[in-house]
Amino acid sequence: MARYFDVHPDNPQKRAIGQVVDLVRGGGLVAYPTDSCFALGCQLGNRDGIERIRTIRHLDDRHHFTLVCQDFAQLGQFVHISNAVFRSIKAATPGSYTFILPATKEVPRRLLHPKKKTVGVRIPDHVVAQALVAELGEPLLSSTLLLPGHEEPMTQGWEIKEELDHQVDAVIDGEAGTEPTTVIDFSDDVPEIVRVGAGDPAPFE
């Protein structure tokens with residue numbers, strides 16, 4: 001059964017965040033709120049966690065996983081980013097955007113798009129998500145919590161606990177957005193809007 005953590009949206013309890021991060025470091029898979037919507041997250045090298053996300057969401061190997069990063073210093077370790085692209089992304093973060101960029105060698109091969117060798121990255125504008133990645137000290141490998149057959153992502157912690165009680169190790173309740181991120185593909189240095197979501201696409205049109 002999944003552990004349930006009800007954390008304060010503006011001032012998340014350090015002890016609770018620490019317990020969740022301990023679960024992540026121990027190979028756990030967690031559901032947590034972000035500024036776009038709830039996400040599934042595990043540690044970067046957690047092969048079992050990645051397969052569990054694929055199973056829960058019925059994903060194929062072309063799916064772009066997202067590295068949820070604390071800041072640009074962390075993001076820059078995992079993707080190649082030109083000066084022009086850096087300025088565009090910097091102006092839009094933190095926020096409800098996912099950016100697809102060429103990955104560095106720090107990213108495990110199995111997380112990359114098989115043909116493009118790219119990965120999704122984002123810096124959330126959400127206190128709880130930020131507290132998690134800050135405590136973890138590395139990006140949280142994540143995917144939107146959108147279940148097969150569902151039109152909308154799940155938005156209530158208790159519903160997620162009921163639905164995924166035996167498939168995840170922890171659910172962090174909290175206020176989350178109701179739309180997935182806007183996805184911008186920068187793999188060729190020119191912005192291509194792949195999905196319009198919570199982030200305003202206008203700066204990239």
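A salt bridge here is a side-chain nitrogen of Lys or Arg within 4 Å of a carboxyl oxygen of Asp or Glu. By that rule, the side chains of Asp35 and Arg122 pair up, with N and O 2.4 Å apart, and the structure holds 7 salt bridges. Keep in mind that this is a predicted model, where local features need pLDDT of at least 70, side-chain atom pairs count only at pLDDT 80 or more, and totals for chains, interfaces and linings use all residues. Residues are numbered from 1 along each chain as its sequence is written, and side-chain values use heavy atoms, with hydrogens and water left out.

**Salt bridges**

- The Asp35–Arg122 pair links distant parts of the chain, 87 residues apart: Asp35 sits in the loop between strand E2 (30-32) and strand E3 (39-43), and Arg122 in strand E6 (residues 118-122). Helices (H or I, at least four residues) and strands (E, at least two) are DSSP runs, numbered from the N terminus.
- Asp35 is buried at 16% relative accessibility, and Arg122 is buried too, at 4%. The cut-offs: buried is under 20% relative accessible area, exposed is over 50%, and partly exposed is in between (1.4 Å probe, protein chains only).
- Glu51 and Arg54 make another salt bridge, with their closest N and O atoms 3.7 Å apart. Both belong to helix H2 (residues 47-57), where they are 3 residues apart, about one turn of the helix.
- Within that pair, Glu51 is partly exposed at 41% relative accessible area, whereas Arg54 is buried at 13%.
- Asp169 and Arg52 also meet through their side chains, at 3.0 Å from N to O.
- Asp169 counts as partly exposed, at 27% relative accessibility. Together with Asp48 and Arg52, Asp169 is part of a salt-bridge network.

**Around Ile50**

- Helix H2 is also where you'll find Ile50, a buried residue with a relative accessible area of 1%.
- Leaving out residues up to four places away in sequence, Ile50 touches Cys42, Leu44, Phe65, Arg110, Leu111 and Leu141. Contact means heavy atoms within 4.5 Å.
- Take Leu141 from that set: Ile50 and Leu141 are 91 residues apart along the chain, yet their C-alpha atoms are separated by 8.2 Å.

**Cysteines**

- Searching the whole structure for disulfides turns up 0. The test is a pair of cysteine sulfur atoms within 2.5 Å.
- For Cys37, the nearest cysteine sulfur is that of Cys42, 17 Å away. Cys37 is buried, at 1% relative accessible area.
- Cys42, one of the residues touching Ile50, has its closest cysteine sulfur in Cys69, 14 Å away and so too far for a bond. Cys42 is buried as well, at 0% relative accessibility.

**Aromatic rings**

- The whole-structure search gives 6 aromatic pairs. Rings of Phe, Tyr and Trp (its six-membered ring) pair if their centres lie within 6.5 Å; planes under 30 degrees apart count as stacked, over 60 as edge-to-face and the rest as tilted.
- Tyr97 and Phe99 are a stacked pair, because their ring centres are 5.9 Å apart and their planes are at 20°. Both residues are buried.
- Ring pairs also join Tyr97 and Phe99 with Phe186 and Phe204 in a cluster.
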